[in-house]
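Subject: Structure handover

Hello,

Here is the structure you are taking over. Please open it first, and then read the notes below it.

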Amino acid sequence: MAQPDTKKIFFENLSGAGKAIAVLTSGGDAQGMNAAVRAVVRMGLYVGAKVYFIHEGYQGMVDGGDNIEEASWESVSSMLQVGGTVIGSARCKEFRSHEGRLKAAHNLVQRGITNLCVIGGDGSLTGANLFREEWSGLLSELVEQGLIEAKSVQKYSALHIVGMVGSIDNDFCGTDMTIGTDSALHRIIEVVDAIMTTAQSHQRTFVLEVMGRHCGYLALVSALACGADWVLIPEMPPDDGWEDKMCEKLSANRAGMKRLNIIIIAEGAIDQNNRPITTDYVKDLVVKNLGFDTRVTILGHVQRGGTPSAFDRILASRMGVEAVLALLETTANTPACVVSLSGNQSVRLPLMECVQMTQAVQKAMDEKRFEDAVKLRGRSFENNLKTYKLLAHRKPESELPVSNFNVAVLNVGAPAAGMNAAVRSAVRVGISEGHKMFAVSDGFEGFSKGQIKEIKWSDVGGWTGQGGSLLGTKRTLPAKHVEKIAQQMRQHNISALLVIGGFEALECLLQLYEARAAFEEFCVPMCMIPATISNNVPGTDLSIGADTALNAIVETCDRIKQSASGTKRRVFIIETMGGYCGYLASVGGLASGADAAYIYEEPFDIKDLQANVEHLTEKMKTSIQRGLVLRNENSNDNYTTDFIYQLYSEEGRGVFDCRKNVLGHMQQGGAPSPFDRNFGTKISAKAMQWITNKLQETFRNGRVFANTEDSCCLLGMHRRALVFQPVVDLKDKTDFVHRIPKEQWWLKLRPLMKILAKYKTSYDVSDSGQLEHVVGSRPKELDAAVAM
């Protein structure tokens, strides 16, 4: 983390010197907007540009004066964890008029601003694009009116626009996730989890209304995340007669010993005739037809409030930096673009293509072309809907295919939040595919002891919101018990294995693959789903459980920093888990605004530590009151958390004092985040569909025989796609001594954390987004898009 020699991170033509960038938030607020503003300001200043706040959105641009304020490094301190937008947002009728845009142009030219970063929804971005198209004409009018000099037209000839979508509804086409959506899902799931406990007590039905006037994303994904009995969204109105079907479903669930029902409705939910479906209508329906004790809860603006989630902070920070890069690379002929996320990768998309696609969704809904509306929403939305239908609505036994295959599912390694959601999904998809599903308790140790039992559809009800591993999990590898495991495979006629776990799960599959030579029982399709808070499994960018752990770290860091509020200057040294993998420390550091993060993958010495202390001391003297330093538990054998704490305490004497915290197993506990619930659900569904295909491919002469490399795979997320990779191919990509992949994508985020902490460092722009087109911009393999 030392402050290295200053390096130019861009080529000369990408320098920000002499440029002025303005950032504004417009339309509705969304958690994470402040993180985006902070990233734009600090990256802009880092490259040598002047950066301005425009307060109160377009209204501030029209009014000018103090509403347009030059930003400094310190002016965005302590805003990362704040919800809403601290620079204000307002809807502006005046900007919709030509006269209003003329005033806005005058105010920008007076300050030399020709680069705009707009954070808002489709209306705000459409307005920005119109402003850009009119720009040269507006300048000519200002010259005619004598408000600016003629040479200003030449000097400020082009207005450059880059947009970031801030909207909790996730209703903007072209991006997998908009800023604020994940935080809104956190608010919804917190409420639903709380409601489920009281509903369970009184055997009640709850009807919940969530935001989404024109888009059902929040309703759909929260229904998927909590296992709701029924969901109503505007993109897919229920068929006529849905009322009876819903009541039948609720009644059947109660008959199956379920003590509660959850119905989630988007505020814009409609029927096939475009008539609104309200919460009161649904409540009255349930009471009249079933006599169930029913309550209505309307979440309202709770969904917009609160602190941003770790996902939204990281997303907004990455997008803010990408926006500045995009502005520096624009020319007079570059169309206005939106910086976006596809899978785990930044992309840039033409702004108006995204807007037109978004408007096309509404048009399709108005014309009752609902299937088209779902497809236009994107592959992620479509996949969410398919997965929900698959898991929530059980087909009658007569409609199920008959496969006669027994599939076993087990957890291996340390517990990770989201494992239970993955097991639930696997069991229900497997049953829908016609398989008989078996649950193995306590990993391969339990397998060897015969702790195997059939698991039914109703057995996994309510599992999505449960933390830890309900099946039980152990780190025991199969090599010692391979004969007993083979015997159990034979005894229970197991035709396929689904293993959910961390690095140990990979080692298990490698051992079972090697054992195929001696035991034909292992010549069956085997698939691994990565689930570990450490995110140290090769072959995948993300693992189930890592997001929940990140949120635990970020929430704790927020509280720890707040504990020093009103006291003298203080630095906190925080130790995170992760083994030798620095993912939690690095990404947690980025999300919590850390000044340094020490990890094994980036070696450091005493000179680096000294440089960090000096850098932090200087910042403490001039600008900040609280500092945060993260250390991965195995980052260095000698520079321990105690050593770093004592070093900072001694060297910072007279400027700041120090405190240390070891977060420990709190990172492993708790209810899974919405991200982990949905990632686990969707990746597990895809794994089971792969297993079904492999079983059909390898069934010959009355038995399954699969001994090829591609029949023993890991399913992971790689950049923009979910990819099946043979585990033997991952051996060369793995450091087995330190239990980490040899290449890790998130290391490219570390310079971003350093830049935002005011370090001079090099920044690799090779992975920055390239301008693409909305149609056809998604790879075919990306069936689940990002987990959400």
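A cavity is a set of grid points where a 1.4 Å probe fits but cannot get out. The model is a predicted one, and it holds 5 cavities of 30 Å³ or more.

Cavities

The largest cavity contains about 240 Å³ of space. Its lining is made up of 20 residues, and those nearest the centre are F311, I314, N344, L542 and Y583. Four helices, α10 (310-329), α18 (546-563), α19 (583-592) and α22 (674-698), each contribute at least two residues to this lining. The largest share, 4 residues, is from α10. Sorted by class, the lining of the largest cavity has 14 nonpolar, 3 polar and 3 charged residues.

The largest pocket has a volume of about 1,400 Å³. It is lined by 47 residues, with A228, D229, K249, A392 and H393 nearest its centre. Two or more lining residues come from each of α6 (181-202), β7 (230-232), α8 (242-255), α13 and α14 (419-432). By class, 22 residues of the lining of the largest pocket are nonpolar, 12 are polar and 13 are charged.

The second largest pocket holds about 950 Å³. There are 39 residues in its lining, and R91, G121, D122, G123 and R213 are the closest to its centre. The elements that supply two or more residues to this lining are α4 (122-144), β6 (205-210) and α11 (351-366). Helix α4 provides the largest share, with 5 residues. The lining of the second largest pocket divides into 11 nonpolar, 17 polar and 11 charged residues.

Nonpolar cores

The largest nonpolar core has 185 residues, and the members that touch the most others in it are M164 and L498. Helix α10 gives the most to this core, 13 residues; α10 also gives the largest share of the lining of the largest cavity. There is a second, separate core of 48 residues, with L102, V109, L142 and L351 among them.

Neighbours within four places in sequence are left aside in the contacts of M164, which are A36, V40, C117, V118, I119, G120, L125, I179, M319, G320, A323 and V339.

Two single residues

T387 sits in helix α13, which spans residues 379-392. Is T387 buried or exposed? T387 is buried, because its relative accessible area is 6% and the cut-off for buried is under 20%. Apart from residues up to four places away in sequence, T387 touches L224, T681, K682 and A685.

E504 belongs to helix α17, residues 503-515. E504 also counts as buried, because its relative accessibility is 6%. Which side chain is joined to that of E504 by a polar contact? The partner is R739, and the polar contact between the two side chains is 2.7 Å.

Regards

Definitions and conventions: Residues are numbered from 1 along each chain as its sequence is written. This is a predicted model: local features need pLDDT of at least 70, side-chain atom pairs count only at pLDDT 80 or more; totals for chains, interfaces and linings use all residues. Side-chain values use heavy atoms; hydrogens and water are left out. Buried means under 20% relative accessible area, exposed over 50%, partly exposed in between (1.4 Å probe, protein chains only). Contact means heavy atoms within 4.5 Å. A polar contact is a pair of N or O atoms within 3.5 Å; within protein, one must be able to donate a hydrogen and the other to accept it, and residues adjacent in sequence count only if both atoms are side-chain atoms. On a 1 Å grid over the protein atoms alone, a cavity is a set of points where a 1.4 Å probe fits but cannot get out, and a pocket is an open set with protein on both sides within 12 Å along at least five of seven lines; lining residues have an atom within 4 Å of a point. Grid points are joined across faces, edges and corners, and a volume is the space filled by probe spheres set on the points. Ala, Val, Leu, Ile, Met, Phe, Trp, Tyr, Cys and Pro count as nonpolar, Asp, Glu, Lys and Arg as charged, and the others, Gly among them, as polar. A nonpolar core is a set of buried Ala, Val, Leu, Ile, Met, Phe, Trp, Tyr and Cys residues joined through side-chain atoms within 4.5 Å.
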